[in-house]
Amino acid sequence: QAAARGMAAEPRGDALSDGLLELLRPGVREVDGQVQAVRESQVELREQIDRLAAELCRVNEEQKVCLDLDPYVKKLLNARRRVVLVSNILQNAQERLRRLNHSVAKETARRKAYLESGIYLPGSPSK
């Protein structure tokens with residue numbers, strides 16, 4: 001019954017925003033985890049490309065038969081550049097997501113503090 005009184009005293013908009021926040025939070029965390037996993041795999045891929053490019057250069061230098069591996073090395077370096085670009089985009093997206101999550105949590109805490117103090121935000125429905 002105390003919970004029912006708390007809900008009655010809480011403005012509808014705040015209950016809705018809290019509900020939406022709780023609904024979205026697991027999805028945001030899941031996306032954040034997946035972005036982190038992709039970033040880690042991008043780093044691993046970039047390191048493997050670097051190792052392969054170095055190995056191709058070494059093989060090319062040691063070959064007795066003149067085999068031109070430079071085009072393949074260039075393709076690998078181009079692929080590495082694209083991997084780095086995607087990694088940077090993911091890092092920026094993850095940082096934006098982190099800032100958004102922080103802002104939402106901060107706003108939720110601010111609204112709860114106002115509600116607990118009995119002061120309502122401008123534009124919020126009054127009792």
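In what order do the elements of the protein chain run from the N terminus on? They go α-α-α, with 3 helices and 0 strands in the protein chain. Helices here are DSSP runs of H or I with at least four residues, strands are runs of E with at least two, and both are numbered from the N terminus. This is a predicted model, so local features need pLDDT of at least 70 and side-chain atom pairs count only at pLDDT 80 or more, while totals for chains, interfaces and linings use all residues. Residues are numbered from 1 along each chain as its sequence is written, and side-chain values use heavy atoms, with hydrogens and water left out.

**Overall picture**
- Of the 127 residues in the protein chain, 17% count as buried (buried is under 20% relative accessible area, exposed is over 50%, partly exposed is in between; 1.4 Å probe, protein chains only).
- The accessible surface of the protein chain is about 9700 Å², and 58% of that belongs to carbon and sulfur atoms (Shrake-Rupley method, 1.4 Å probe; for residues, only the protein chains shown count as cover).
- Take the contacts in the protein chain with a separation of 6 or more: 68% of them come from residues 24 or more positions apart (contact means heavy atoms within 4.5 Å).

**Gln94, a buried spot**
- Gln94 sits in helix H3, residues 70-117, and is buried at a relative accessible area of 10%.
- Setting aside neighbours within four places in sequence, Gln94 touches Asp32, Val35, Gln36 and Arg39.

**Salt bridges**
- The structure has 7 salt bridges (a side-chain nitrogen of Lys or Arg within 4 Å of a carboxyl oxygen of Asp or Glu).
- Asp50 pairs up with Arg80, with the closest N and O atoms 2.4 Å apart.
- That pair ties together distant parts of the chain, Asp50 being in helix H2 and Arg80 in helix H3, 30 residues apart.
- Asp50 is partly exposed at 33%, and Arg80 is partly exposed at 26% relative accessibility.
- Arg58 and Glu55 also form a salt bridge (2.2 Å, N to O); they are about one helical turn apart because they sit 3 residues apart in helix H2.

**A nonpolar patch**
- Leu16, Leu20, Leu23 and Leu24 make a nonpolar surface patch of about 430 Å².
- Patch residues have over 30% relative accessible area and no salt bridge; like charges are joined within 9 Å, and nonpolar side chains (Val, Leu, Ile, Met, Phe, Trp, Tyr) within 5 Å.
- Leu20 lies in helix H2, residues 12-62, and counts as partly exposed at 43% relative accessibility.
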